[in-house]
Every structure is written in structure tokens, then in C-alpha cells.
Amino acid sequence: MKNTKIIFLLFLSLVIASCDSDFGEVNTDPDNATEVPAHLLLGNIIRINQNVIYNAQGGGDMGECWAQHWSKVQYNDEARYVPRRGVIDGIWNNLYADVLSDAKSMYELAETEGNTNLQAVSLIMQANTFQILTDLYGPIPFAEALNPSIEQPAYSTSEEVYAGVIAMLDQADALLASGTGEITATSDLLYAGDVSKWVKLGNSLKFKALMRSNGSAAQLQALVTEGAMFASNADSAEFVYTALAPDANPIYETIVDGNRAEYKINSAVVDILTGLNDPRLDVYAGLNADGNIVGKPSGYSNLPNEALGYTYGNISPLGDKYLDPTLPGVIMSYAQLKLLMAEAANEGKIAGGITAAKTYMDEGIAANFDFNGVAGAAGYAATINLLNQANAREKIATQVWIALFGQGFETWTEWRRTGFPALTPAIEGAISTIPTRLYYPTTEVSLNQESYNAAKATLNNGDELTSTLFWQ
């Protein structure tokens with residue numbers, strides 16, 4: 001009996017040792033990878049970034065409505081400057097947790113793979129997203145952001161964020177110049193793996209960042225002289241959506257697929273474009289029930305209102321192009337670059353003065369006409385004369401505002417920066433001026449209070465919609 005027990009225990013120990021030797025291998029799910037190739041993160045980074053920016057409850061309500069491209073005939077709180085805190089929280093959380101965090105992971109994986117091209121793409125996407133965040137909120141976590149060992153990151157000033165953004169773009173340019181590694185075409189939803197176009201995007205974004213942060217003439221002229229920025233609409237950074245939800249443009253998904261027809265054209269667009277005899281109005285706006293293009297001014301609390309004429313049928317919807325599910329999500333366009341170059345020339349930041357400014361402006365107009373499928377750009381541009389620096393400043397900025405139609409937050413940001421065209425605050429607005437920033441998310445108040453309070457103290461009106469940013 002004793003010998004039998006010994007033999008049994010010996011056999012059992014051999015079985016256990018045998019099982020233990022390959023236990024990890026047997027219990028590893030081959031379909032659940034613990035590490036992925038860096039390029040597989042890229043598509044989602046691009047998609048989520050653009051979905052956040054183009055979301056109608058974000059870039060629509062607090063971008064297009066505040067910049068007075070759009071108006072609403074119902075559910076009008078946001079257009080009256082009463083934004084939903086949950087939406088504001090979502091913008092912050094999605095850009096940090098889903099875009100920036102994944103972009104940082106992609107950089108680290110690409111570094112391990114020795115793929116400098118993909119590292120550069122990560123830096124370009126991070127730079128773009130950090131700039132969006134600081135343009136929306138002001139001071140933000142930057143230097144201490146995305147560090148898992150820092151649970152309550154300090155906020156960097158907007159000036160510090162801009163300096164960091166430009167440094168990221170410089171680093172990206174250097175990495176792309178080394179040309180190591182592949183950008184997998186199927187993961188690159190902007191340029192299908194074309195490294196040369198990422199070079200142009202990085203430099204074009206740098207030009208925009210320098211213009212917004214009052215960069216030096218030497219820096220801006222160097223970019224123009226180098227000639228490695230967008231050269232045509234084919235270079236524009238556009239994320240092409242599909243025809244079906246959930247991968248359609250978020251504007252379509254809300255207004256058409258979600259049956260939220262309260263989003264309408266603003267009378268500011270109708271009045272300004274009518275005054276300029278601008279044919280883009282027929283693309284931006286649809287016809288109302290009477291077959292006319294009629295806009296509604298921002299504001300009013302009691303809507304729809306038949307007595308005022310502000311109803312679903314009376315006010316024009318957005319044009320078909322801007323309700324198309326495949327409308328591209330634009331990160332930056334050739335048209336915007338050219339119009340920024342027009343401003344730079346007019347302000348003496350790059351060579352050529354007002355003569356070059358007119359040329360650049362005309363090229364920007366032509367590019368935007370082409371994007372919108374409209375003919376007659378040359379004849380239209382010929383009617384816009386730049387008489388002097390102040391006159392040119394207003395006319396160029398107005399063309400920027402027109403060309404950015406549909407790009408809600410970017411439109412609002414450029415309008416806040418230049419102040420053109422002159423817009424009247426919403427009627428019956430909750431505050432008396434058009435907002436100049438977003439509130440910080442409520443999660444920061446509770447989870448990062450010390451850093452939040454320090455950042456709030458640097459804003460001239462505290463954590464309010466009326467506090468101004470350094471470039472305003």
C-alpha cells in the first residue's frame with residue numbers, strides 16, 4: 001500500500017510538471033494579441049480625431065453656430081451660448097484618451113520597429129490635436145500629459161503648448177527626412193502611405209501654428225522658400241467618410257440619419273455671400289419650402305416661431321454637399337494655407353506685400369471653389385480688390401471664414417483670432433458676447449483640482465466662456 005501511494009505521487013508530480021511546462025502556451029489566445037504593429041493604430045487616430053471635430057453637437061453647436069455659419073430653429077440652447085457640459089467633457093476626453101494616447105503608443109511602437117516615418121506621422125497627429133485642444137480651452141495638460149506616472153498633470157500655458165506643437169512638427173520633419181520604414185497604405189486614411197504628402201501636411205500645419213502664435217517672419221519665409229507645403233487640392237489632408245453610418249460624416253449622421261433637421265443656414269452667411277455675389281451660397285444652403293434661400297440669425301429662445309418666420313419650413317437647410325455622408329473631414333486644406341499666406345504677405349511676414357497677398361488670396365479662393373464644385377473663381381476674385389493693408393486684412397479674413405464653411409471649430413477659431421467678418425451676438429443669448437473659449441471639463445474640477453485651479457487663475461475671466469486666449 002505504501003509503495004502504491006509513492007508510485008501515485010510520483011506519477012502525479014510528473015503530470016503536473018508536464019502541464020506546467022507549456023501552460024502559458026496552451027492558455028494564450030492566438031487571436032488576442034498583446035502587441036500590435038504600430039501602423040494599425042493610425043486609422044483609428046485619424047477617424048476619432050475627425051469624428052470629434054465634425055460632431056454636430058460639438059463642432060456644429062459650438063463651432064458653426066457660434067461662428068454663424070449655421071443656426072437652429074429648435075433646441076437652441078447651445079446656439080444661445082448654453083453649451084452642454086457633457087459634450088465639452090467628451091471632446092476633451094476623446095482627444096486625450098483616444099487620439100493622443102493612441103498616437104503616443106504608436107510612436108513608441110514605431111520607435112521599437114525602427115520606423116521613423118510612422119514616428120513622424122504620430123508627432124504630426126499629436127501636434128494637430130494638442131493645437132485643437134489649446135485653441136478650444138486655453139491652458140491644457142501638455143508637458144506632463146500622457147504620462148501614466150502623473151495622475152494629476154499640471155497645465156501648460158497656450159504659448160508653451162504652441163512652442164511644443166512647433167517643436168513636434170520640426171521633429172517630424174527631421175524624422176521624415178531620414179525616410180526609414182513604411183507607412184502602410186491601408187492604415188493611412190489620409191494619404192495611403194505617401195510620405196511626401198505627410199511632409200507637406202507637417203509643414204503646412206507649422207505655417208498655420210506660426211501664424212496663429214505670431215511666429216517670426218524668418219520662420220514663415222523659410223517655409224515658403226523651402227516649398228515643401230501644400231501645392232494643390234490634391235495635397236489637402238481630408239479624411240473621406242463612407243456612405244453608411246457609423247462610418248459616414250458625423251454631420252450627416254446627426255442631421256439626416258438622426259433626423260435632426262433643426263440645423264439650418266445662418267442669415268450671416270446668406271447676407272455676406274449675397275453681398276459679395278458669391279456663388280458658393282448655392283452650395284452652402286438649400287432651398288426653403290418656398291424655393292428660396294433664407295437664413296435665420298443666431299439666437300431666440302422660443303423656437304420654432306411662426307410669428308418671427310423661424311420654422312422648419314421657412315429657413316433653408318444646409319446644402320446637399322454638406323449633408324452628404326461622404327463629405328470629407330478636413331484637417332487642413334490647400335485653400336486655407338493659401339489664404340494664410342495671403343495674410344502673411346499682407347502683414348509683412350513673408351515677401352511680396354499686398355501684391356503677393358492678392359495672388360495668394362485668389363489661389364485660395366480658386367482652391368475652395370474647386371473643393372465646392374463651383375465655377376467662376378477668377379471672375380469672382382477679380383471683384384475683390386485689396387486697397388491697403390487694413391482693407392486687405394478684413395477681406396482676406398472674410399474669405400477664410402467663407403472657405404472654412406463646415407469646419408466648425410476651425411471656423412470659430414479663425415473668427416476669434418481675426419474678428420472678421422463683423423458678427424452680432426446671438427439674440428436672447430445667455431451671455432452678451434460670442435464665446436471665446438470652452439469651459440474646462442467637469443472631470444478636471446473633481447479629479448485634477450489643484451492643476452485646474454492654477455490654470456483657471458491665469459485666465460482673465462476665470463473658467464468662463466468669455467476668457468480670451470493669447471492669440472485673440
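Select Asn259 to start: this residue, just after helix H10, takes a positive phi of about 55 degrees. Helices (H or I, at least four residues) and strands (E, at least two) are DSSP runs, numbered from the N terminus. The model is predicted, so local features need pLDDT of at least 70 and side-chain atom pairs count only at pLDDT 80 or more, while totals for chains, interfaces and linings use all residues. Residues are numbered from 1 along each chain as its sequence is written, and side-chain values use heavy atoms, with hydrogens and water left out.

**Helix H10**

Step back to Asn249, which caps the N-terminal end of H10. A side-chain oxygen of Asn249 lies 2.8 Å from the backbone nitrogen of Ile251; a polar contact is a pair of N or O atoms within 3.5 Å, where within protein one must be able to donate a hydrogen and the other to accept it, and residues adjacent in sequence count only if both atoms are side-chain atoms.

Now select residues 250–257, which form H10. Pro250, Ile251, Tyr252, Thr254 and Ile255 are buried here (buried is under 20% relative accessible area, exposed over 50%, partly exposed in between, with a 1.4 Å probe and protein chains only). The cover over these residues includes helix H3 (42–54), helix H4 (56–64), strand E1 (70–72) and strand E5 (263–265); contact means heavy atoms within 4.5 Å.

**The nonpolar cores**

Next, show Phe130, Tyr137, Trp198, Leu201 and Phe207. In the largest nonpolar core, of 136 residues, these five touch the most other members. Such a core is a set of buried Ala, Val, Leu, Ile, Met, Phe, Trp, Tyr and Cys residues joined through side-chain atoms within 4.5 Å. Centre on Trp198: leaving out residues up to four places away in sequence, Trp198 touches Val121, Ile124, Met125, Leu176, Ile183, Asp188, Leu190 and Tyr191. A second, separate core has five residues, among them Val73, Tyr300, Leu303 and Tyr310.

**The largest pocket**

Select Trp92, Tyr96, Ala97, Leu146 and Pro153, which lie nearest the centre of the largest pocket among its 20 lining residues. The pocket holds about 420 Å³ of space. On a 1 Å grid over the protein atoms alone, a pocket is an open set of points with protein on both sides within 12 Å along at least five of seven lines, a cavity is a set where a 1.4 Å probe fits but cannot get out, and lining residues have an atom within 4 Å of a point. Helix H5 contributes eight residues, the largest share of the pocket lining.

Stay on Leu146, in the loop between strand E2 (140–141) and strand E3 (155–156). Leu146 counts as partly exposed because its relative accessibility is 24%. Apart from residues up to four places away in sequence, Leu146 touches Tyr96, Leu100, Ser101, Lys104, Gln126 and Phe130. A C-alpha distance of 9.8 Å separates Leu146 from Ser105, 41 residues apart along the chain.

**The largest cavity**

The whole structure has four cavities of 30 Å³ or more, and the largest holds about 190 Å³ of space. To find the largest cavity, select Ile53, Ile132, Lys208, Ile331 and Glu410, the closest to its centre of the 18 lining residues. H6 gives the most to this lining, with five residues.

**Zooming out**

Of the 472 residues, 53% are buried.

Definitions and conventions:
Points joined across faces, edges and corners; volume = space filled by probe spheres on them.
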